[in-house]
Amino acid sequence: MTETLQTGDRVRYANGGAAVTGTYITERDGMAVVKLDNGYNIGTSPEKIERVGRAAPQPPPGAGVVVQNPDLPDLAVISTGGTIASRVDYRTGAVTSQFSASDILRAIPELGEIGCYRDRQVASILSENMRPGLWQTLARAVYEEIQAGVAGVIVTHGTDTMAYSAAAIRFMLKTPVPVIFVGSQRSADRPSSDNAMNALCSAAVAASDLGEVAVVMHATTNDDRCAIHRATRVRKMHTSRRDSFQSMGMEPLGYVDYPSLSVSLSAEAVRRGTEEPELSDALEERCALLHFYPGMPPAVLDAFEGYRGLIISGTGLGHVATEWIAPLREMIEGGTTVVMTSQCLHGRVCDRVYNTGRDLIAAGVIEGEDMLPEAALVKLMWVLGNERDPEQASVLMRTDLRGEIRRRSI
């Protein structure tokens, strides 16, 4: 390389084989970062690349006109950000969240064959920055769209914390129409991106006969169908696979075949119109989730002094070390609701088998049945935000409210 490169320059890279082209991003630690035309980044010596021209300027977000068919079902797209709503930042090569819902429609025009969309942006964040206060804002936005008469709601969300958010909305909201959370594991600039297929499948489910909150994502590593997961029984089980989301302790509520976009629902799926719309958006944020490990000192519990609720992800049937029992009893007597879940994810808590479990129950720890730890956390936030009586709160935590507790574990 004999000339100074600028971000966005078109470059050619050659390293003994056939030359490939891409876009120059930046220089970092003495290496040139190039985004190849196949969507992947490489780092190479600046001497191995040459400038061949400038990249065509990218249209700004919001450019262009979306033409919609008013005869199709009205669907609301509520954007919170995440990879499905992202573009490449050529200053750093990183994927940043900055697309609005309208930008998604422009990027995936086939959505226009499924519904007539109204878009709304409540946040533009990566999902690790999600907070309970934003869950409340999101729940209110979804409720307002339902009250306005939409046939379904699509929430675009980053995948890392999507299961938390979907469960939180399910507890805060009763809905007569589908409320579908969707994201993507891989950004739109990658050839293996799942964003378009996931978006199309989510729109198909939003227009379907479903009547509850669900997560719609790839069901397999192939582009053949998406799975419909109950919001309170879904978990992200892999960091990057496209079929990362799995229903835990139950089968999916249904599937969406691709590319036909045919939706099939199980007998267990709540049907459209079953519930009347109702918003109960109070949350108690002074709740925490603690993952127990062997040797963890009970002094860790001191960090949660003054908290109103604590979910423990315990071992096996729902255990912690014997030395934790007395501090937990003191914590409960001081007004903290403590619920035991299991790290095993499959199966259910049963603290009546071993002495430690029976002692935990005697200390006042509530058995979390087969609730997923993250679903139990948002449920506890919701229960304590809406119920001041500790005894009634304990009853509610042991009661299946939104499909979060199963009668039988599979």
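Helix 4 (residues 195-206) has twelve residues and spans 16 Å from its first C-alpha to its last, close to the 16 Å expected at 1.5 Å a residue (the expected span is 1.5 Å times one less than the number of residues). It's part of a predicted model, where local features need pLDDT of at least 70 and side-chain atom pairs count only at pLDDT 80 or more, while totals for chains, interfaces and linings use all residues. Residues are numbered from 1 along each chain as its sequence is written, and side-chain values use heavy atoms, leaving out hydrogens and water.

**The whole protein**
- The protein has eight helices and 23 strands (DSSP runs numbered from the N terminus: helices are H or I with at least four residues, strands are E with at least two).
- Buried residues make up 52% of the 410 residues (buried means under 20% relative accessible area, exposed over 50%, partly exposed in between, with a 1.4 Å probe and protein chains only).

**Back to helix 4**
- Eleven of the twelve residues of helix 4 are buried, so the rest of the structure largely encloses it.
- Among those buried residues are Asn195, Met197, Leu200, Cys201 and Val205.

**Helix 3 and its partners**
- Helix 3 (residues 162-172) packs with helix 7 (residues 373-386) at about 35°, their axes 9 Å apart (axes are lines fitted to C-alpha atoms, for helices over the stretch in contact, and angles run from 0 to 180 degrees between N-to-C directions).
- Helix 2 (residues 132-147) and helix 3 have axes that come within 10 Å and cross at roughly 55°.
- That makes helix 2 oblique to helix 3 (under 35 degrees is roughly parallel, over 145 roughly antiparallel, 65 to 115 roughly perpendicular and the rest oblique).

- Most residues other than glycine have a negative phi, and most peptide bonds are trans.
- The peptide bond from Tyr258 to Pro259 is cis, with omega near 15°, and Pro259 sits in the loop between strand 17 (254-257) and strand 18 (263-265).
- Leu261 lies in the loop between strand 17 and strand 18, and it has a positive phi of about 60° although it isn't a glycine.
- Leu345 has a positive phi too, near 70°, and is buried, with a relative accessible area of 16%.
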